[in-house]
Amino acid sequence: KYFYLKELGKYSLENKNKRLRALKKILLRLKSASELEKNFLIKKLSGMLKVKLPRKNKKIFLSWDEVREMSKHNILFGAHTATHPILSKVPIKKAEEEIKKSKARIEEEINKKISFFCYPNGEFPDFNNQIKKILKENGFECSFICLPGRNSINSDLFELKRMSVRYEEDIILFKNKLVGIDIILGNIYYSLNKLYSQTKVF
């Protein structure tokens with residue numbers, strides 16, 4: 001059992017491990033594609049494999065009532081774009097529109113100013129100085145990347161590292177993050193990711 005798509009290559013679906021390996025490779029490829037190409041490949045892939053693309057599952061997202069309730073109790077919310085494109089893969093005007101729409105909608109819903117932003121996908125190839133400039137011009141005070149590590153007084157406020165906490169992680173891993181074990185590994189990954197983005201040839 002395998003499938004082949006000219007733009008993505010050949011992948012085996014023989015067992016669970018091979019399917020997971022295929023999924024990871026395809027996701028990496030899609031993340032490097034433009035928004036138009038990404039959507040085209042997803043549609044083509046779903047047709048070839050005869051699977052229906054899932055509709056948005058509202059159950060996995062907070063409702064606006066939940067967001068307003070949390071905001072009243074001092075939980076801070078930030079913008080993350082309107083439709084979640086990788087900002088460096090869309091025209092700069094589209095990126096600006098995504099940022100502005102996201103900020104305006106959240107501010108309208110919770111009646112508070114939004115000052116924080118997080119880049120979709122959030123690795124170094126996914127944003128640039130033009131995107132940072134748009135954020136600053138639209139009243140954002142800082143933005144977060146999706147790479148782990150420690151921030152310092154000298155950190156770029158529009159490249160703040162963070163530690164993610166995922167639903168499938170157990171309490172031991174969570175404790176490791178709290179005491180900083182993951183920060184050591186995160187700083188190494190952060191440096192390698194930045195080096196890779198500077199040396200990659202497109």
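1. In which handedness of crossing, left-handed or right-handed, does α3 pass α4? The crossing is right-handed: the near helix is turned clockwise from the far one by less than a right angle. This is a predicted model, where local features need pLDDT of at least 70, side-chain atom pairs count only at pLDDT 80 or more, and totals for chains, interfaces and linings use all residues. Residues are numbered from 1 along each chain as its sequence is written, and side-chain values use heavy atoms, leaving out hydrogens and water.

2. Look at the angle next. Helix α3 covers residues 64-72 and helix α4 covers residues 92-110. Helices here are DSSP runs (H or I, at least four residues), numbered from the N terminus. The two axes come within 9 Å and cross at roughly 70 degrees. Axes are lines fitted to C-alpha atoms over the stretch in contact, with angles from 0 to 180 degrees between N-to-C directions. The pair is therefore roughly perpendicular (65 to 115 degrees).

3. Now the contact (heavy atoms within 4.5 Å). From α3 come W64, V67, R68 and S71; from α4 come R105, I106, E109 and I110.

4. Check L135. Leaving out residues up to four places away in sequence, L135 touches I99, F117, Y119, F140, S143 and F158.

Technical notes. Helices (H or I, at least four residues) and strands (E, at least two) are DSSP runs, numbered from the N terminus. Angles under 35 degrees count as roughly parallel, over 145 as roughly antiparallel, 65 to 115 as roughly perpendicular and the rest as oblique.
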